[in-house]
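Look over the sequence and the model below. Then read on for a short tour of its contacts, cores and pockets.

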Amino acid sequence: NASLDTSINTQDTFPTGIAWNNDGSRLYEVGQGSDNIYQYDVSTAFDITTALFDTSINTQAGNPTGIAWNDDGSRLYEANFAAGGDIYQSTVSTAFDITTASLETSIISQDDDITGIAWNDDGSRLYEVGQNSDKIYQFDLPIGGWEAF
């Protein structure tokens, strides 16, 4: 029963993914047109009509296709659509503020053409979807969740 309510223009010419912070006060867009992550401030929670572009940073990925946050905004994850695609983890010193992100580590994805990533609520499982294999992969994290990535 969904119906289109509204839309806004993107910052990137080839947008490939979005994410929200926990309370809906920030929206994030990632795009392959410029390989940037864009941060918007949102004055009415989860209402894109109140989103105002704030800032952007370069991605770690050469062909970014998805972004995700951990539960407290201290880590940002990027998916890279490329041969031998990667998932990058950046530490964020100010929660949900992309300008304070610093690359920490990366892992090789299961699919060369990764198109998206997501986490479960407690960070014990990471999910990856891949176009090359047409599969969804589930990773169980041993101990430490997001921190053990």
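The model is predicted, so local features need pLDDT of at least 70, side-chain atom pairs count only at pLDDT 80 or more, and totals for chains, interfaces and linings use all residues. Residues are numbered from 1 along each chain as its sequence is written, and side-chain values use heavy atoms, with hydrogens and water left out.

**Salt bridges**

Side chains of opposite charge can pair when their charged atoms come close. Here a salt bridge needs a side-chain nitrogen of Lys or Arg within 4 Å of a carboxyl oxygen of Asp or Glu. The count is 3 salt bridges.

| Salt bridge | N to O distance |
|---|---|
| Arg-26 and Asp-41 | 3.1 Å |
| Glu-104 and Arg-75 | 3.2 Å |
| Asp-140 and Arg-125 | 2.5 Å |

Strands are DSSP runs of E, at least two residues long, numbered from the N terminus. The Arg-26 and Asp-41 salt bridge has a 3.1 Å gap. Arg-26 sits in strand 2 (residues 26–31) and Asp-41 in strand 3 (residues 36–42), so this pair ties together parts 15 residues apart in sequence. Asp-41 is partly exposed, at 31% relative accessible area. The terms work like this: buried is under 20% relative accessible area, exposed is over 50%, and partly exposed lies in between (1.4 Å probe, protein chains only).

Glu-104 meets Arg-75 at 3.2 Å. This pair links distant parts of the chain, 29 residues apart: Glu-104 is in strand 8 (residues 101–108) and Arg-75 in strand 6 (residues 75–80). Glu-104 is partly exposed at 40%, whereas Arg-75 is buried at 13%.

Asp-140 and Arg-125 come within 2.5 Å at their closest N and O atoms. Asp-140 belongs to strand 11 (residues 135–140) and Arg-125 to strand 10 (residues 125–130), 15 residues apart. Arg-125 is partly exposed, with a value of 33%.

**The largest pocket**

On a 1 Å grid over the protein atoms alone, a pocket is an open set of points where a 1.4 Å probe fits, with protein on both sides within 12 Å along at least five of seven lines; lining residues have an atom within 4 Å of a point. The largest pocket holds about 230 Å³ of space. It has 15 lining residues, and the closest to its centre are Trp-20, Ala-68, Trp-69, Asn-70 and Trp-119. Strand 1 (15–20), strand 5 (64–69) and strand 9 (114–119) each give two or more residues to the lining.

**Nonpolar cores**

A nonpolar core is a set of buried Ala, Val, Leu, Ile, Met, Phe, Trp, Tyr and Cys residues joined through side-chain atoms within 4.5 Å. The largest has 12 residues, including Ala-68, Tyr-77, Ile-117, Trp-119 and Phe-139. Strand 6, strand 9 and strand 11 each give two or more residues to this core. Strand 9 gives the most, with 3 residues. A second, separate core has 11 residues, among them Ile-57, Ile-67, Val-92 and Phe-96.

**Aromatic pairs**

Rings of Phe, Tyr and Trp (its six-membered ring) pair if their centres lie within 6.5 Å; planes under 30 degrees apart are stacked, over 60 edge-to-face, and the rest tilted. There are 6 aromatic pairs. One of them, Trp-20 with Phe-46, is tilted, at 5.0 Å centre to centre and 55° between the planes. Trp-20 is partly exposed at 24%, and Phe-46 is partly exposed at 47%. Ring pairs also link Tyr-28, Trp-69 and Phe-96 into a cluster.

Note on methods:
Helices (H or I, at least four residues) and strands (E, at least two) are DSSP runs, numbered from the N terminus. Grid points are joined across faces, edges and corners, and a volume is the space filled by probe spheres set on the points.
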